[in-house]
Amino acid sequence: MTTCEFDEATSLFERALAVRKKRLGALDLSIASTLHYLATLLRTIGQYSSALKNAKEALKVKRMTIGDDSPITLETLEVIALIHKDNREFEDAIEALNDCLGLNPLLHLDIG
């Protein structure tokens, strides 16, 4: 993908997020999914601060709607760890991974 394509994708995610929040409210699982995927996209293009903000918001919504021990919630914790790792914030990455393992000790994490 080119920078222009990433910018367009980011814009589309942000528009979708705004529409969903307006129609569904802030505490809907589809909001959390959109935030999660937006965070993943932003991580890919190195916008770690924005990625982390969106991932943390996704995590908050997931915890409030489906709980801590859902695999879907744990995926977002893993994304948070990856964002920290990519941004060379290793202590924060380890903390997020420990949160994952604390919630599900059988979880296999792929932190490539």
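Mentor: Let's go through the words one by one, with the cut-off beside each value.

Mentor: This is a predicted model, so local features need pLDDT of at least 70 and side-chain atom pairs count only at pLDDT 80 or more, while totals for chains, interfaces and linings use all residues. Residues are numbered from 1 along each chain as its sequence is written, and side-chain values use heavy atoms, with hydrogens and water left out.

Trainee: Why is threonine 34 called buried?

Mentor: Buried means under 20% relative accessible area, exposed means over 50%, and partly exposed is in between (1.4 Å probe, protein chains only). Threonine 34 has 4% relative accessibility, so it counts as buried. Threonine 34 is found in helix H2; helices here are DSSP runs of H or I with at least four residues, numbered from the N terminus.

Trainee: What does threonine 34 touch, not counting residues up to four places away in sequence?

Mentor: Threonine 34 touches Phe13, Leu17 and Arg20, where contact means heavy atoms within 4.5 Å. There is also a polar atom of the threonine 34 side chain 3.0 Å from the backbone oxygen of serine 30. A polar contact is a pair of N or O atoms within 3.5 Å; within protein, one must be able to donate a hydrogen and the other to accept it, and residues adjacent in sequence count only if both atoms are side-chain atoms.

Trainee: Which other residues of H2 are buried, and what covers them?

Mentor: Among them are Ile31, Leu35, Leu38 and Leu42. The cover for the buried residues of H2 includes helix H1 (3-24), H3 and H4.

Trainee: What makes a group of residues a nonpolar core?

Mentor: The members are buried Ala, Val, Leu, Ile, Met, Phe, Trp, Tyr and Cys residues joined through side-chain atoms within 4.5 Å. The largest such core has 16 residues, and Ala55, Leu77, Ile80 and Ile83 touch the most other members. At least two residues each come from H2 (29-44), H3 (48-65), H4 (71-86) and H5 (90-103). H4 gives the largest share, six residues.

Trainee: Why is the pair of lysine 21 and glutamate 57 called a salt bridge?

Mentor: The rule asks for a side-chain nitrogen of Lys or Arg within 4 Å of a carboxyl oxygen of Asp or Glu. For lysine 21 and glutamate 57 the closest N and O atoms are 2.8 Å apart, which meets the rule. Lysine 21 lies in H1 and glutamate 57 in H3, so the pair ties together parts 36 residues apart in sequence.

Trainee: How many salt bridges does this rule give?

Mentor: The count is four. One of them joins aspartate 86 and arginine 43, with the closest N and O atoms 2.5 Å apart. This pair links distant parts of the chain, as aspartate 86 is in H4 and arginine 43 in H2, 43 residues apart.

Trainee: Why is arginine 43 counted as partly exposed rather than buried?

Mentor: Its value is 23% relative accessibility, so arginine 43 counts as partly exposed.
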